Amino acid sequence: MTRPQLAHSLADALPELAHEEPGTRFENPQLVALNEPLAAELGLDVAWLRSRDGLRFLTGAYGGHAMAYAGHQFGQFVPLLGDGRALLLGDIGGREIQLKGSGLTVFSRRGTDGVGAVGPMLREHLVSAFMHAAGVPTTRSLAVLTTGGTVIRQQGAVPGGIVVRVARSHLRVGTVQYAATQSEELTQKVVQAAGFMDAETMLAEVTRRQFDLVARWMRIGFVHGVMNTDNVALSGETIDYGPCAFTERFDGAASFSSIDRHGRYAFGNQPNIIAWNMARLAEALYPLLGAEKVDAYVKTVQATWDEAWARWIGADLDGLNAAADITTYNREHGIGGTPGPVFIPRNHMLQEAIDAAEQHGDYDKYHALLAAVSDPYNEKAGPEWMARPEGQLPYVTFCGT
Ligand code: AMP
Ligand code: MG
């Protein structure tokens, strides 16, 4: 097979936001994880992906686009963020392929390197595989590669890595916020590019998707860790797994990210924060909506949240609160009439697996854990100990930037 022909639908629809990039040629890239079923879904030839040319494609050597966006980071508005270390290769079969960690772009800020450590990329690959298998809307990961270079991070010099991310759309709340700083016309174009009839529909639908998503995260103990508005996808897919972790207890204060010092993105704050983020989306759409429609929207917010909460938590709240381990509770009680997963990526298990890979190039633990959490309802997909709670041990994540 030869190189697949990708479309450039997003860059074509929104040239104002797309900056063409030549891409970076890495010396010695190696594929360390490949999601073969996803490759098949996308119509990509696995043997070709593993070839020299495939590796070039997967590391961005043929170029792509870096997209502009803005965003509230920890509550502060930053008018221009953009893909500072990401590259949109294009789309195929209604799915976008984007690299993360693939080198400098026009949006890389001074002092940043455009690359990432392989550890956070392995985390994204595995946790998103779990989320997908557990039925949680999410971006997916086609592959992880080491670049052949090293990067300096908290732990010292570690291998550089790239995650090949697949999403229905990479448009974020922050994309709308960026467009709003430019013009009403551009904001309107983003609404259309995201597949919505008008701004009103978009606001209602994104709110519904995001509230449903966050209530679902709460049901499985997922702590995203960095719910900045640039990390909130209009598609309702979970995106940006850098500092994420799982809490075993239904503990509102559970917070793991080293940079989230005040617990803004703690487990129990996620519902408030997603509502706050939706208010920022409403603000960005205000010129298209007008005061009346915004008022009408505000009146619907609580009911939309209540519906999501009732669907995913509802009558189980007391049981979840009392449980020593959310996953064990879900296994015993099911989640809304469906089974709860046996395996989830528990924090220390995952960290050990990532450390062995990152520090020693030993991927055995990583692949064993990946196999279990990719088939999370099947008891036979992993050893018995992998399903056991860890006891809510202290844990810190680094976003790897
Ligand atoms: P994230 O925390 O991954 O959502 O990134 C937030 C913003 O910082 C985005 O605009 C990224 O492109 C940018 N960024 C994060 N890490 C790097 C890096 N190593 N080099 C350049 N830009 C980065
Ligand atoms: Mg991000």
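**A helix pair in its setting**

Tutor: This model is predicted. Start with the whole chain. A compact globule of 401 residues would have a radius of gyration near 21 Å; the chain has 20 Å, so the two agree. Its C-alpha trace spans about 60 × 55 × 40 Å along the principal axes. The secondary structure comes to 14 helices and 11 strands. Of the 401 residues, 57% count as buried. Take contacts between residues at least 6 apart in sequence: 72% of them join residues at least 24 apart.

Now the pair. Two packed helices are described by the angle between their axes and the distance between the axes. Here the partners are helix 8, residues 199–220, and helix 9, residues 270–289. Their axes lie 10 Å apart, at an angle of about 170°. An angle over 145 degrees counts as roughly antiparallel, so helix 8 is roughly antiparallel to helix 9.

Which residues meet? From helix 8 they include Leu203, Val206, Phe211 and Trp217. From helix 9 they include Ile274, Met278, Leu281 and Leu285. By class, this contact has 17 nonpolar, three polar and one charged residues.

For another helix, look at helix 5, residues 118–133. Its 16 residues should span 22 Å at 1.5 Å a residue; the end C-alpha atoms are 23 Å apart, which agrees. Helix 5 is mostly covered, with 14 of its 16 residues buried. Gly135 follows helix 5, with a positive phi near 85°.

Notes
Residues numbered from 1 in each chain as written. Chains lettered and ligands numbered in written order. Predicted model: local features only at pLDDT ≥ 70, side-chain atom pairs only at ≥ 80, totals over all residues. Heavy atoms only, no water. Helix = DSSP H or I, 4+ residues; strand = E, 2+ residues; numbered from the N terminus. Expected span 1.5 Å × (residues − 1). Buried < 20%, exposed > 50% of the residue type's maximum accessible area, 1.4 Å probe, protein only. Axes fitted to C-alpha atoms, helices over the stretch in contact; angles between N-to-C directions. Parallel < 35°, antiparallel > 145°, perpendicular 65-115°, else oblique. Contact = heavy atoms within 4.5 Å. Nonpolar A, V, L, I, M, F, W, Y, C, P; charged D, E, K, R; others polar. Rg over C-alpha atoms; globule rule 2.2 N^0.38 Å.
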